[in-house]
Amino acid sequence: MAQPTDAFTGGILNLTGVRPGAAFRYDGLSFPDMTVYMVTFRSSYEAIEKLILPPPLKVDRSKPPEVHAWYFTSRNTLPMDGRVTPYHGFQFRGHTAFEGVKGFAGWEYIDSLDGDKTHVDIMGPWGVYFGMLKKFADIRFVPTSVDAFEVTVSRRGQRLITMRMRIGAELDAAGVAAMNAGGSETLTVREIPDVNYAGFVDRTVCCSPTDRSNQVLRAWQAEDAFIEFGSLEQDPLAELAPEGPIRAVAFNATASVETFTEMRVLGTLPGHPGH
């Protein structure tokens, strides 16, 4: 298990526990044991661009207007400083493309596994660095039988997500291999405001090699899938308006440190210095 090299990091990077140049000093897996329950549903291109993709990314209209949404747990996450950070979350992704690179982009709600959100306050600066919005929420996973469950996500007393499914038969090795072969890169948008909050010191589209750094280990069919959304002013999720049949799958997965150490910049955006 990785151990932090310094007991204390001062300044604004205290939450990350380490400064640039000293981060990710461990080998192997940043996410060694993720459990994921995913649904895929049809929405609209307009809703995906508004609610899922970070601007100015646009939806890839060569693909169906589908949203991938999943609840996940990650008990032994190793972030930049190598300290174990257990958390769970609910993530959305949609198809996008930039400068000829196709992939997924999106964001997530996050919560601590034990309800103490101070365990996951690293997620704010981590989201800014990575370029993926991470919003605190109250996330609950409740079994409804030995093979079924309900997930709820709430903010400010308002339920925003209700998802249910039942776990079915395990996929064979060929099914797992097909899931891994179908992986995609993840596009993100880093936006760092300048000192006057009138422009940007960094505004770039980045890409993480999740098509090869993420691996599915085991997977199961899922049945009786259901998802429903509520809304708040800054979370108008009901506009996603899921249509048609909802596909679902459950799986165990890992993500290696290369998810972060091998990110690359695809291009700069208006507002970036020198653009």
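Analyst: A nonpolar core is a set of buried Ala, Val, Leu, Ile, Met, Phe, Trp, Tyr and Cys residues joined through side-chain atoms within 4.5 Å. Buried means under 20% relative accessible area, exposed over 50% and partly exposed in between, with a 1.4 Å probe and protein chains only. The model is predicted: local features need pLDDT of at least 70, side-chain atom pairs count only at pLDDT 80 or more, and totals for chains, interfaces and linings use all residues. Residues are numbered from 1 along each chain as its sequence is written, and side-chain values use heavy atoms, with hydrogens and water left out.

User: Which residues have the most contacts inside the largest nonpolar core?

Analyst: They are Phe 90, Phe 92, Tyr 109, Ile 161, Met 163, Ile 227 and Leu 240, in a core of 73 residues. Strand 1 (residues 29-42) gives the most to this core, with seven residues; strands (E, at least two residues) and helices (H or I, at least four) are DSSP runs, numbered from the N terminus.

User: Why is Thr 210 called buried?

Analyst: Its relative accessible area is 8%, and the limit is under 20%; Thr 210 is therefore buried. This residue of helix 4 touches Arg 93, Ser 184, Glu 185, Thr 186 and Thr 259, not counting residues up to four places away in sequence. Contact means heavy atoms within 4.5 Å.

User: What makes the buried residues of helix 3 line one face?

Analyst: Gly 175, Val 176 and Asn 180 are buried in helix 3 (residues 173-181). Seen down the axis, the buried residues fall within an arc of 140 degrees, so they line one face of the helix; the arc is that of the directions from the helix axis to the C-beta atoms. Ala 174 and Ala 181 are exposed on the other side.
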